Amino acid sequence: MKILLRRIGLLMSAFLCSVIIFSTANTYAASIGSRLETPEDGWERYNDTAKQIKYIGTGWGYSENVSGRYKGDGHHQLGPDISGKVMFKFLGTKLRLMSFVHNEGSFRFAKDVKVTIDGIDKHFNMNLDKQQEQTLVFETSGLENKVHTVEISTVVRTETRGINLDSIDIDKDGELIDIDVPTNLKATPGDSQVTLKWDKIENAESYTVKYGTESGKYNETATATKDAYGNFVIPGLTNGTKYYFVVSAKVNGVDSEYSNEASATPQGGGSQPDPEPTTGDRAILVVTMTTGLEKEFDLSMKEVNDFIAWYEGKQAGSGSASYAINKHDNNKGPFSSRKDYMLYDRILTFEVSEYSK
């Protein structure tokens, strides 16, 4: 009986050991300094030559047909010029960078590399004590699932070497995006018009907006100036009709790919009487022009806040030169709506008086 129990105990121990080994093998995750030849589950890999990745500035070198590198190539800074930077965008929640590391003298790469994600700086060391291809040198996760802007640059080099890039891993269901492609396009409906906003593209010379009444089919075109990304109005639309919009940026004379598609349905409101003012949701906006003329509007707080946002944006150097304020029940004559277009450089001051709560 004791022999039988001992055998059962040995079998149970062997079983538990195999379960632990199997479990460990399946929950293993690469750590900084690991060689990572293929992306792990939940990740997608992009080579350093992906068209969405831009190498900005001078001092970049490129190696190809190198054994051990991902797809046999890589970009690097071998000095003395390490002023260049890498830029791209991606849709997702996590990011990994793979590089070649070397532990001998002048072959060592940067001691301090800065990764800026949406304006927030992170630092890592590429000067690892090993010689190894396809090495995981940086990882971040837990980001908001949206489009992120990434910039990578050398802070402190080793000898004459800066950074090198072999590949990038992001979410399996994510997307790598060119830095010149406008992102986060949003459309806000108005009366016979739609206001568009999108993220600013550095070095954009202008933007092209395409739109139509079918998703993916755009038969109308409008050109926006480089500063119009924060408040671009498409007028002359039909109320009650849904419109679809995309935007591209022109950089160095070349048009980028199109942004995400945004849609909105303009709605008429000029012939509808405004509701009586309720607690805290309406105000009187008085705009004083440089000529001394005062213009008074009875508006919802949303309309007032939209006006203030436009004014402050224009004051900061972005947005359109004019802003349309709906005159609502001040319409006179057989009009469906009337708007007062305010020119930024003609406004002296304005005052907001909220209704009592």
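I began with the burial scale, on which a residue is buried under 20% relative accessible area, exposed over 50% and partly exposed in between, with a 1.4 Å probe and protein chains only. The model is a predicted one, in which local features need pLDDT of at least 70 and side-chain atom pairs count only at pLDDT 80 or more, while totals for chains, interfaces and linings use all residues. Residues are numbered from 1 along each chain as its sequence is written, and side-chain values use heavy atoms, with hydrogens and water left out.

**Entry 1, serine 153.** Is serine 153 buried or exposed? I found it at 13% relative accessibility, so serine 153 counts as buried. Serine 153 belongs to strand S10, residues 146-156, where strands (E, at least two residues) and helices (H or I, at least four) are DSSP runs numbered from the N terminus. Taking contact as heavy atoms within 4.5 Å, and leaving aside neighbours within four places in sequence, I listed Gly84, Lys85, Val113, Lys114 and Ile163 as touching serine 153.

**Entry 2, whole chain.** I noted 2 helices and 26 strands in the protein chain, and of its 357 residues 43% count as buried. Among contacts with a separation of 6 or more, 69% come from residues 24 or more positions apart.

A nonpolar core here is a set of buried Ala, Val, Leu, Ile, Met, Phe, Trp, Tyr and Cys residues joined through side-chain atoms within 4.5 Å. The largest has 27 residues, of which Ile53, Phe88, Leu95, Leu97 and Ile152 touch the most other members. The strands that each supply at least two residues of this core include S5 (85-92), S9 (132-140) and S10, and S6 gives the most, with 4 residues. Apart from this core lies another, of 24 residues, including Val194, Ile201, Tyr211 and Val251. I also looked up phenylalanine 88, whose contacts, not counting residues up to four places away in sequence, include Ile53, Leu95, His148, Ile152 and Leu176.

I counted 12 aromatic pairs, using Phe, Tyr and Trp rings (for Trp the six-membered ring) with centres within 6.5 Å, planes under 30 degrees apart being stacked, over 60 edge-to-face and the rest tilted. Tyrosine 243 and phenylalanine 245 have ring centres 6.5 Å apart and planes at 35 degrees, so this pair is tilted; both residues are buried. Tyrosine 311 and phenylalanine 350 form an edge-to-face pair, 5.2 Å centre to centre with 75 degrees between the planes. This pair links distant parts of the chain, 39 residues apart, with tyrosine 311 in helix H2 (residues 301-315) and phenylalanine 350 in strand S26 (residues 347-354). Tyrosine 311 is buried at 12% relative accessibility, whereas phenylalanine 350 is partly exposed at 25%. Ring pairs also join Phe307, Tyr311, Tyr323, Tyr344 and Phe350 into a cluster.

I traced an open sheet of 3 strands in the order S14-S15-S18, with antiparallel pairing, where two strands pair if DSSP finds at least two bridges between them. Its edge strands are S14 (186-189) and S18 (232-234), each pairing on one side only. S14 and S15 (residues 194-197) pair over 4 bridges, and alanine 187 stands opposite leucine 196 in S15.
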